[in-house]
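User: I have a structure open and want to go through it with you. Can you take my questions as they come?

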Amino acid sequence: MGLNEWLKGDPLTIAGHKLHSRFLFGTGRFPSPAVLQQALDASGSEVITFAVRRVNLESTMDDSLLQHVEDKPVIYLPNTSGASTAEEAVRIARLARAAGLGSWIKVEISGDPRTLLPDPIETLHATKQLAEEGFIVLPYTSDDPILCRRLEEAGAAAIMPGGSPIGTGLGLLNPYNLGLIAEQSNVPVIIDAGIGSPKDAAEAMELGADGILANTPIAKAQDPVRMAHAFRLAIEAGRLAWLAGRIPKKRYASASSDWAGSLYEPAAAGSARNRGEM
Amino acid sequence: MNESRKGLQLSMAMSKKAGLDFQLYAITAESNHPGRSLVDVMEQTLIGGAGIVQLRNKTGTREEVLEQAKALRILTRKYNVPFLINDYADIVLEIDAEGVHLGQEDMPIAEARRLLGQERIIGISTHNLQQAKAAERDGADYIGVGPVFPTNTKPGRPAVTTSYVAEAARHISIPFVAIGGISPSNVNAVLAAGAKRICAVSSIVGSDDPAEVCRSFLRQINSAAFGYKSITVNGQQEQSSARTIDELVVELGQQNKKLVVELNGQIVQRALWAETVLHSGAIVELVHFVGGG
């Protein structure tokens, strides 16, 4: 069985939607719409995120993101960035849904302007409310296993714990917790925020995560298109490694070949014939 | 929106005498702004859109009034706005002001007319319909109608209420200006009674931001007079003549964008834009999608 068959037989299912890419693609801060489009193609992603903002009344040109991706068969995952309460997030979610592009929503409720860390209480309230309103809710959350369980109970379609604060590129600050969350959850776990490079993405996948959401490390890379492809490979590699089952860690060395038959095997340990046992 | 504003100015140009095509009348009251100069405060009213200025100084000497009049003459010329002086017809001539404003106890209109000639503006305060009709008969160019509400500018004078405003609107054909205790928070009642011109003293010059108070007055005057709505779009105050959401989106030049519209906190589906009526005070949000993670 080749790589393509392996991946095809292992879809990521969120709220009944089968995805063949485990890469959720953030669209912010790209140097140009053209680079964004090429990077999106290179990523293989089927889910793209974006934000809801006021239009610029000074301009009459269509400067929205959608015109650049309209022809692509992707799922739209708007976020609620800018919200600092559940009420604000719910309002943004409803506005996003009214655009007629589906009912997926990434709940993102910042509780602090410096770290942009998610407010756990408000995130839980918003997740519950939006799930009740029929949204497919993917909350961005802190890496707390108990909170993640509560979010799942509140109706989250997937759980999105952060590796580290948004845009920092610090990678996975608490792999132990992320591993626990991946292990306990009955819905997909997407590691969102703080991923710095494909290495972090592969590490997260090897911990048992079901997918990766990344934006800044691709958009702000020197070559976003190459980096998008690198992430795709890393995520696939990490997923296959997880399925393949890694070896346990040991304290001391263990040789790759059996000692027996070594050219330098000591004579004392030689054949029975030499010892006259035949 | 610029087109609409132009139309509005054209329709105001039909008033009787040059200089009376104003909507907002500002009057000095130095005691209301201690620590700030008369010229600075009055310049703020002009920046805010006041269309006529009156110097009113009941306590100063003639010399002092003359000095202030000279300074305000320069200022009002700079903004191309007519300048009137309360009571001192002689100073009007001396500094070439556009006219005088008289009280019921000041010199008769006929005498002022003789002094000032036909071209200059003569206005007079009135407190009942009888005085208003007398002023009209005697050749006043406009009358003040008030005090509509109780005011500290003229303590002890009983308020005439908006019923006198309504009477003036019905029976007086020369321009009339409602005055007395009017502020942006109560001006709507005065406009509803039929006033088209508003004068305010303390609520403008006693404010920390006279220009913004003037803009607030003008938004409401336009709204009442011309069906202009004062609405908030994406957090900004806008004047709009749009009747529906659909018209607003076109008026703002946003019809080519993939928008979601929220009106007073409720989403309006695109199919309903054409039939969703826009009222004054509406809070509208126009949002779309931008890149994000």
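Analyst: Before we start on strands, one convention: two strands pair if DSSP finds at least two bridges between them. Also, this is a predicted model.

User: Fine. How many bridges are there between β7 and β8 of chain A, and in what sense do they pair?

Analyst: Strand β7(A), residues 136–141, and β8(A) pair in the parallel sense over two bridges. In one of these, A:T141 has A:P161 in β8(A) as its bridge partner.

User: What sheet are those in?

Analyst: An open sheet of three strands in chain A, in the order β6-β7-β8, with parallel pairing. The edge strands are β6(A), residues 104–107, and β8(A), residues 160–161, and each of them pairs on one side only.

User: Helices next. What's the angle between α5 and α6 in chain A?

Analyst: About 30 degrees, with the axes 9 Å apart. Helix α5(A) covers residues 145–153 and helix α6(A) covers residues 175–184. Because angles under 35 degrees count as roughly parallel, α5(A) is roughly parallel to α6(A).

User: Is the crossing left-handed or right-handed?

Analyst: The crossing of α5(A) and α6(A) is right-handed.

User: Which residues make the contact?

Analyst: From α5(A), they are A:P145, A:C148 and A:R149. From α6(A), they are A:N177, A:L180, A:I181 and A:Q184. By class, the residues of this contact are four nonpolar, two polar and one charged.

User: And chain A as a whole, how many helices and strands?

Analyst: Chain A has nine helices and 10 strands. Of its 278 residues, 43% count as buried. Among the chain A contacts with a separation of 6 or more, 63% are between residues 24 or more positions apart.

User: Staying in chain B, is β8 buried or exposed?

Analyst: Both faces of β8(B), residues 197–200, are covered. B:R197 and B:C199 are buried on one side, and B:I198 and B:A200 are buried on the other.

User: How many bridges join β1 to β8 in chain B?

Analyst: Three bridges join β1(B), residues 24–27, to β8(B), and the two strands run parallel. In β8(B), B:I198 is the bridge partner of B:L24.

User: Switching to the interface. How many residues does each chain put into the contact?

Analyst: The contact takes 28 residues from chain A and 22 residues from chain B. On the chain B side, β11(B), residues 260–263, and β13(B), residues 283–291, each supply at least two residues.

User: Which element gives the most on that side?

Analyst: β13(B) does, with seven residues. By class, the side of chain B that touches chain A has nine nonpolar, nine polar and four charged residues.

User: Which strand of chain A pairs with β13(B)?

Analyst: Strand β4(A), residues 47–54, pairs with β13(B) in the antiparallel sense over five bridges. In β13(B), B:F289 is the bridge partner of A:V52.

Note on methods: Residues numbered from 1 in each chain as written. Chains lettered and ligands numbered in written order. Predicted model: local features only at pLDDT ≥ 70, side-chain atom pairs only at ≥ 80, totals over all residues. Contact = placed C-beta atoms within 7 Å. Helix = DSSP H or I, 4+ residues; strand = E, 2+ residues; numbered from the N terminus. Nonpolar A, V, L, I, M, F, W, Y, C, P; charged D, E, K, R; others polar. Axes fitted to C-alpha atoms, helices over the stretch in contact; angles between N-to-C directions. Parallel < 35°, antiparallel > 145°, perpendicular 65-115°, else oblique. Left-handed = near helix turned anticlockwise from the far one by under 90°. Buried ≥ 20, exposed ≤ 12 C-beta atoms within 10 Å, placed from the backbone.
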